[in-house]
Number of protein chains: 2
Amino acid sequence: MRGRVVFLGTSGGVPTLTRNLPAIALRWGGSLFLFDCGENTQKQLMRAKVGFKKSFYIFITHMHGDHLLGLPGLLMTLTLQGRRDPIYIFGPKMVKTFLEEILPLVGSPPSFPVFFREVSSGEVFRGSNFIVSALRTKHTIESYAYRFDEVGREFYFDDKKAEALGIPQGEIRERLLKGEHITINGKVITPEMVRGSKRRLFSFTYTGDTRPFPELIDFVKNTEVLVHDSTFLSSDIEEAEESGHSTAVEAANTAKAASVSSLYLFHISARYKDPKPLLNEARKIFSKTFLPKDLDMIEIR
Amino acid sequence: MRGRVVFLGTSGGVPTLTRNLPAIALRWGGSLFLFDCGENTQKQLMRAKVGFKKSFYIFITHMHGDHLLGLPGLLMTLTLQGRRDPIYIFGPKMVKTFLEEILPLVGSPPSFPVFFREVSSGEVFRGSNFIVSALRTKHTIESYAYRFDEVGREFYFDDKKAEALGIPQGEIRERLLKGEHITINGKVITPEMVRGSKRRLFSFTYTGDTRPFPELIDFVKNTEVLVHDSTFLSSDIEEAEESGHSTAVEAANTAKAASVSSLYLFHISARYKDPKPLLNEARKIFSKTFLPKDLDMIEIR
């Protein structure tokens with residue numbers, strides 16, 4: 001397993017007996033990426049046995065309380081546990097104000113450095129094998145979608161081809177893997193000559209709260225895992241428009257237009273005692289649609 | 001049933017898989033009293049089916065995050081539900097600052113009036129049939145214990161005695177109930193003459209976080225339900241002293257000295273995977289000791 005996505009909270013606005021407020025964990029290598037942090041996220045992380053990683057990045061979509069009121073408690077718990085490794089928080093500028101105002105009122109300063117970076121549309125963070133980018137969405141207040149893209153080799157190295165070409169094991173193969181041309185016995189070998197099958201690069205997009213709009217389709221293009229605001233049924237579209245949210249059908253339309261691999265309906269309004277109709281109406285448009293429950297998990301292989 | 005006490009969260013500092021952060025609900029008549037409001041209290045209220053009452057009073061012991069980080073989310077949910085009835089919040093002055101700073105950052109203003117009253121030792125609120133009082137405790141920061149006392153008639157009216165004395169039904173009996181002397185056929189009847197068995201008046205005390213100290217014994221005297229800080233085992237008393245908490249044995253000593261009816265150990269440290277030893281050591285001193293789990297309930301009859 002290369003990683004996993006865990007749905008920690010899938011409700012929107014208010015929690016229900018079975019759904020917590022928005023939060024999604026992405027474990028990738030030795031890192032933990034947390035997208036939004038609704039109330040009770042720390043407990044959900046515990047229940048999902050995700051574990052607090054040395055590298056911990058938190059991305060907040062916007063300043064509505066249901067998306068970030070779990071943040072102070074999470075930071076306090078990490079302090080009580082004596083964490084020393086830094087935490088990186090990304091989001092609108094007011095997230096920093098929020099933490100600066102609230103943390104001194106309710107406890108000791110964090111036992112670890114908190115680095116905050118204000119986001120805008122475009123690349124927001126780059127690691128050795130991933131990039132996270134953001135897109136300003138259409139909500140009632142400043143809000144961002146986040147996209148995680150694995151970066152690295154797009155093809156596997158074909159050992160058989162390499163042997164046939166007489167390329168020795170070791171450093172030379174490493175250079176080919178990195179894209180260099182090499183020369184063996186006066187013969188130039190290009191990376192293409194040892195290229196194997198295509199290597200799937202994982203990608204994940206979380207829209208946060210938003211109405212559909214054309215740039216969003218470009219932003220989520222070809223995503224493997226798309227988690228999309230799906231607060232309402234189509235029959236409640238007027239409320240979706242007023243409150244800056246999407247219907248399940250709108251989420252499916254975006255997923256289809258963007259040729260994503262799979263769509264996960266998220267931020268489900270507490271009004272629907274049975275949310276199955278949301279799934280049904282989305283599947284008519286985009287068959288690979290899912291309706292995750294809290295603590296459901298996607299294994300990335 | 002006259003009311004009930006529901007333990008919504010019984011952990012201290014950090015939540016565990018089975019224990020939420022501190023919050024206790026007291027339903028009394030048509031009113032809801034909430035003592036502390038740790039993260040996820042709104043969900044626990046839902047799970048306990050307590051219901052948001054027209055009269056809703058919230059008492060915060062102190063400004064440590066584990067005791068009040070559930071407050072903003074609770075108020076936001078009530079706003080999304082369109083509540084109009086006021087909410088009364090009592091606590092140290094900084095609770096007001098906290099709400100004034102945080103609420104405008106994370107959502108719309110409450111849909112209902114929020115009345116805040118700063119507390120100090122002494123009576124803090126009086127209703128038609130109850131009094132709530134506070135006592136400044138010994139914690140690392142300003143913190144209060146709260147005591148709820150039912151007020152009203154201390155004796156039942158003895159119908160048989162009244163009949164024997166020839167007292168007619170109706171308004172005359174009402175006047176006797178209220179303590180008046182009345183005259184029937186030239187004979188003076190005093191309330192004592194129709195006094196029946198003693199009527200138990202319910203009382204509840206929640207210490208919040210505290211070290212034991214003599215005034216606390218006076219404050220909890222004869223309480224029917226005493227919920228006492230019991231963060232540590234006796235073997236961890238040094239930590240209890242440093243962090244301004246009590247051990248289970250200290251809680252039991254206070255319960256015994258104050259002749260309370262029952263003791264409930266509360267604010268259990270997450271370090272004890274099995275908290276049973278806390279109960280065992282307390283019971284050796286005070287036999288009517290209990291160790292409530294989250295959502296345990298005491299019915300008041």
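Modeller: Start with burial: a residue is buried if 20 or more other C-beta atoms lie within 10 Å of its own, exposed if 12 or fewer, and partly exposed in between, with the C-beta atoms placed from the backbone. This is a predicted model, in which local features need pLDDT of at least 70 and side-chain atom pairs count only at pLDDT 80 or more, while totals for chains, interfaces and linings use all residues. Residues are numbered from 1 along each chain as its sequence is written, and chains are lettered from A and ligands numbered from 1 in the order in which they are written.

Colleague: Then how is Leu295(B) classed, with its C-beta neighbours inside 10 Å?

Modeller: Leu295(B) is partly exposed, because it has 15 such neighbours. Leu295(B) sits in the loop between β19 and β20 (297-300) of chain B. Helices (H or I, at least four residues) and strands (E, at least two) are DSSP runs numbered from the N terminus.

Colleague: What is the phi of Leu295(B)?

Modeller: The general idea comes before the case. Most residues other than glycine have a negative phi. Leu295(B) has a positive phi, near 75°. Ser259(B) is another non-glycine residue with a positive phi, about 50°, and belongs to the loop between α8 and β17 of chain B. Ser259(B) counts as exposed because 11 other C-beta atoms lie within 10 Å.

Colleague: How many residues of helix α2 (residues 71-80) of chain B are buried?

Modeller: The count is 8 of 10, so helix α2(B) is mostly covered. Among the buried residues are Leu71(B), Leu74(B) and Met76(B). The buried residues of α2(B) pack against α1 (41-47) and α3 (93-106) of chain B; contact here requires C-beta atoms, placed from the backbone, within 7 Å. Just after α2(B), Gly82(B) has a positive phi of about 80°.

Colleague: On to sheets: what is the strand order in the open sheet of 7 strands?

Modeller: Strands of a sheet pair through backbone hydrogen bonds, either parallel or antiparallel. Here two strands count as paired if DSSP finds at least two bridges between them. The order in chain B is β8-β9-β10-β15-β16-β17-β19, and the pairing is mixed.

Colleague: At what angle do helix α8 (residues 248-257) of chain B and α9(B) cross?

Modeller: Axes are lines fitted to C-alpha atoms, for helices over the stretch in contact, and angles run from 0 to 180 degrees between N-to-C directions. The axes of α8(B) and α9(B) cross at roughly 35° and come within 8 Å. Ala248(B), Val249(B), Ala251(B) and Ala252(B) of α8(B) meet Leu278(B), Glu281(B) and Ala282(B) of α9(B). By class there are 6 nonpolar, no polar and 1 charged residues in this contact. The nonpolar class is Ala, Val, Leu, Ile, Met, Phe, Trp, Tyr, Cys and Pro, the charged class is Asp, Glu, Lys and Arg, and the others, Gly among them, are polar.

Colleague: Last, how many residues does the contact take from chain A and from chain B?

Modeller: The contact takes 29 residues from chain A and 29 residues from chain B. On the side of chain A that touches chain B, α1 (41-47), α2 (71-80) and α3 (93-106) each supply at least two residues, and α3(A) gives the most, with 7 residues. That side has 15 nonpolar, 10 polar and 4 charged residues.

Colleague: By what turn can chain A be laid on chain B?

Modeller: Two copies of a chain are related by a rotation about an axis and a shift along it. Here the turn is 180°, the shift along the axis 0.0 Å and the RMSD 0.1 Å, from a least-squares superposition on the C-alpha atoms of residues with pLDDT of at least 70 in both copies. The two copies are therefore related as by a two-fold rotation axis. In chain A, the C-alpha nearest the axis belongs to Asn40(A), 2.8 Å from it. The same surface serves both copies, as 100% of the contact residues of chain A recur in chain B.

Terms used
Contact = placed C-beta atoms within 7 Å.
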